[in-house]
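Open the model in your viewer and keep the selection panel at hand.

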Amino acid sequence: MAELLRTAVPPVAVIDIGSNSIRLVVYDSADRAALPIFNEKVLCGLGRDLDRTGMLPDEAVVNSISTLRRFVSLAEYMGSAWIDMLATAAVREAKNGPEFVDAVEAACGRRMRVLTGEQEAEYSALGLLSGTPDADGILGDLGGGSVELVNVRQGALGEQTTLPIGPIRFSKKELSNPSKAVGKVDDALKTVPWLSEGKGRTFYAVGGAWRSVARLHMIRTNYPMHIIHHYSIPYGKAVDFMDFVSHLSVDTLSKVKGISKRRVDTLAYAGMLLHRILLRIKPDRLMLSAYGLREGSLYARLTPEQQQEDPLLAACRRTALPRYENAVTGDRLNEWLGPAFPEASKAEARMRHAACLMADIGRGEHPDYRGEHALMRVMRLPFVGTEHSERAFMALAVAARHSQPSDDVTAMATIKLLLNDEQMTRARAIGLGIRLAYTLSGGVTDVLDRFVLRRIDEGLVLEVKDHEGKSLFGEVVERRLNTLAKSMNCPASIRHVPS
């Protein structure tokens, strides 16, 4: 089939065939920082009445085959290097599941993989690790027909199971009044003894229904960001809110702006289920992950070396690239700045590295708006591997590379809610250090290498290596060095050292 879209790196596609919906996501590449460039979902209802009939409904089968044929054609036209068709609980359990697989493969000319419950849980966990490499706690992935649970220990997969307690397993009466389903849910959870190992750790929630519940919490608490990934709620507040949601009517939920109308029928049940899970595990906090099965299937294809890449830094490297030969890279900039921040924690050093990689993100904007633009863009970039407060820290650092955003800038209100004064000061110091580096060198590696910036007992010292370096030093450089030192609450000095 002819390709209508060609890119230097071909995109890849994943088609997730769930119990309620079928979704196509086309990613711009298959690397560590793949970004969705096409995302569409169709509600086909393959798992509707599955517990009663044991069969995929005829009408749903027809609609699903038509949808899959279209999705495969779109992915092919977009030039996808490969297309993964992954079927889950409904196709796996239905008596006519094998017939459906044969019909789809004949219609689409592509192989479909029917995942076992264990494979589905593993892919969900790999998706979590793709976006949260150091995850430690219990993962729960709520789909239409099942809930996958995985014990994740500091980035390694442990026990896993699949429970048939997705919303399509329950009647409309039970979904509208979830208290009627509590007994079934509790009985299912009792079959997983290792859930108690999640006490005091994190419960990671994956799945559209739980993301919608979290968005409802954002709306209710006037949370300043709309990014679901790594949205975190302390245990006590999460338990209370999920209990509150479980008692909301469909009519009440349908009136909430920002909540998908297609989700309202199952939101109360999703809240009840999460409430029962949290009570059983007693984690330290609830954290949302936007990455699940589809991202896990991508992650599983990576080499071990690629899997070890930091997803945040990988995404930042793709965000802002050098525009000319011998331009200072973000990696080199970070190495140069490191000695000026010797007391930085591992987490702060990582954020500094990311900020250096994104240092030129505002390059193409009007000079009067570069700081504001950089602040807003970093706050909204679709990268993972970072919590909301860390995103705010990086955004302020990158903005300070250009200017000091005023309090009138909308994003500054969010920054102030997520960071304390000390964190804001540290972020600005990093940005001022980046600004000094560009002022010294013009962004040229060979020029930057003539200078060394370090923090020692007597303060911040800029070392000039040779005569050529002296000629590159001037009033603006001195002023920016002093500004940086002031932000770090220390004196500045300049030393000329032999080359």
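Domain bounds here come from an automatic or database domain assignment. This is a predicted model: local features need pLDDT of at least 70, side-chain atom pairs count only at pLDDT 80 or more, and totals for chains, interfaces and linings use all residues. Residues are numbered from 1 along each chain as its sequence is written, and side-chain values use heavy atoms, with hydrogens and water left out.

**Whole chain.** Colour by domain: 12-115 is domain 1, 118-294 is domain 2 and 310-496 is domain 3. Along its principal axes it spans about 85 × 55 × 40 Å. Switch to cartoon. There are 23 helices and 14 strands, taken as DSSP runs (helices H or I, at least four residues; strands E, at least two) and numbered from the N terminus.

**Domain 2 against domain 3.** Select both. Their C-alpha centres are 38 Å apart. Contact means heavy atoms within 4.5 Å. On that basis 14 residues of domain 2 touch 12 residues of domain 3. Buried area is the accessible area (1.4 Å probe) that two parts lose on being put together, summed over both. For this pair of domains that is about 1,000 Å², with 65% of it on carbon and sulfur atoms.

**The salt bridge across.** Select R285 and E387. They form a salt bridge, with the closest N and O atoms 3.5 Å apart. The rule asks for a side-chain nitrogen of Lys or Arg within 4 Å of a carboxyl oxygen of Asp or Glu. Between domain 2 and domain 3 the count is one. Now highlight α5 (117-131) and β11 (285-288): each supplies at least two residues of the side of domain 2 that touches domain 3.

**Last stop.** Over the chain, the salt-bridge count comes to 26. Zoom to R318 and D31, whose side chains meet in one of 3.1 Å, N to O. R318 lies in helix α14 (residues 311-319) and D31 in the loop between β2 (21-27) and β3 (36-43), so the pair ties together parts 287 residues apart in sequence.
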